[in-house]
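I opened this entry to keep track of what I looked up, one item at a time. The notes follow the order in which I checked things.

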Amino acid sequence: MRNIWIMGLAVAVVLGGSSSLVEAGLLSASRPVIALLGADLFLGMAEGQLSGAGTLAIHSQIDRNVTCSGEFTSSAALGGAGQLRCSDGTTATFQFQRLSVFRGYGSGKYSRGSMSFTYGLTAEESEPYLKLPLGKTLGRNGQELQLVNL
């Protein structure tokens, strides 16, 4: 009987504290991001929360010292929008559409040109959604994704 009471108390604590689990980031999902900012390929991760809010962190494949981070909000009905700030002083604003809860694509305005990106997709799945520079495609140098000449 004592074990049943303890288990009941544990369930009550977990259920009663479920909103704090969301706030603590325990109910979130991370997905890989492939982005083109201008003519530069960026790779990284997006993390979305159950609430629809999320964060984004990417880095340049040309200059690993250039990193960008940002925030976004999304909903199933409206898609999402966000902003990005980069370590070299550039910025971007973007919108995106969900293909599923964990996959999607988007575009935006980058202070040095346009921006296109995917999340949760492989490189092959991403190509139709990315605005690749003329004469370039996505390729691999070993395991690393990069822009290569056609």
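I began with Thr90. The model is a predicted one. Is Thr90 buried or exposed? Thr90 counts as buried, because its relative accessibility is 4% and the cut-off for buried is under 20%. I placed Thr90 in the loop between strand 5 (79–86) and strand 6. Then I looked for a partner of its side chain. The Thr90 side chain makes a polar contact with the side chain of Asp88, at 2.7 Å.

Next I took a residue from another loop, Gln61. Gln61 sits between strand 3 and strand 4. I read 15% relative accessibility for Gln61, so Gln61 counts as buried. What does the side chain of Gln61 reach? I found the backbone oxygen of Leu145, at 3.1 Å.

Then I stepped back to the chain. I noted three helices and 10 strands. Along the sequence I wrote down the pattern α-α-β-β-β-β-β-β-β-β-α-β-β. The chain has 150 residues, and 35% of them count as buried.

I turned to the sheet. How many strands close into the barrel, and in what order? I traced eight strands, in the order 1-2-3-4-5-6-7-8, with antiparallel pairing. Neighbouring strands of this sheet are turned by 25° against each other on average, direction ignored.

I followed the pairing from strand 6 onward. Strand 6 and strand 7 are antiparallel and share eight bridges. The hairpin that joins strand 6 to strand 7 passes through two residues. Here I picked out Phe96, whose bridge partner in strand 7 is Gly106.

Which residue of strand 8 stands opposite Gly106? I found Phe117 there. I also found Lys109 opposite Ser114 of strand 8. Strand 7 covers residues 103–110 and strand 8 covers residues 113–119. Seven bridges join these two antiparallel strands. A hairpin through two residues links strand 7 to strand 8.

Strand 8 runs antiparallel to strand 1, and five bridges join them. I then checked how covered strand 8 is. Five of its seven residues are buried, so I logged strand 8 as mostly covered, given the cut-off of under 20% relative accessible area.

My last item was the largest pocket. I noted a volume of about 390 Å³. Which residues lie closest to the centre of the largest pocket? Of the 22 lining residues, I listed Gly48, Gln49, Phe72, Ser74 and Val101 as the closest. I also asked which elements give two or more residues to the lining. My list is strand 1 (28–37), strand 2 (40–49), strand 3 (53–60), strand 4 (67–75), strand 6 (91–100) and strand 8. By residue class, I divided the lining into 14 nonpolar, five polar and three charged residues.

Conventions:
Residues numbered from 1 in each chain as written. Predicted model: local features only at pLDDT ≥ 70, side-chain atom pairs only at ≥ 80, totals over all residues. Heavy atoms only, no water. Pairing = 2+ DSSP bridges. Helix = DSSP H or I, 4+ residues; strand = E, 2+ residues; numbered from the N terminus. Axes fitted to C-alpha atoms, helices over the stretch in contact; angles between N-to-C directions. 1 Å grid on protein atoms, 1.4 Å probe; cavity = no way out; pocket = protein on both sides within 12 Å on 5 of 7 lines; lining within 4 Å. Points joined across faces, edges and corners; volume = space filled by probe spheres on them. Nonpolar A, V, L, I, M, F, W, Y, C, P; charged D, E, K, R; others polar. Buried < 20%, exposed > 50% of the residue type's maximum accessible area, 1.4 Å probe, protein only. Polar contact = N/O pair within 3.5 Å; in protein donor to acceptor, adjacent residues only side chain to side chain.
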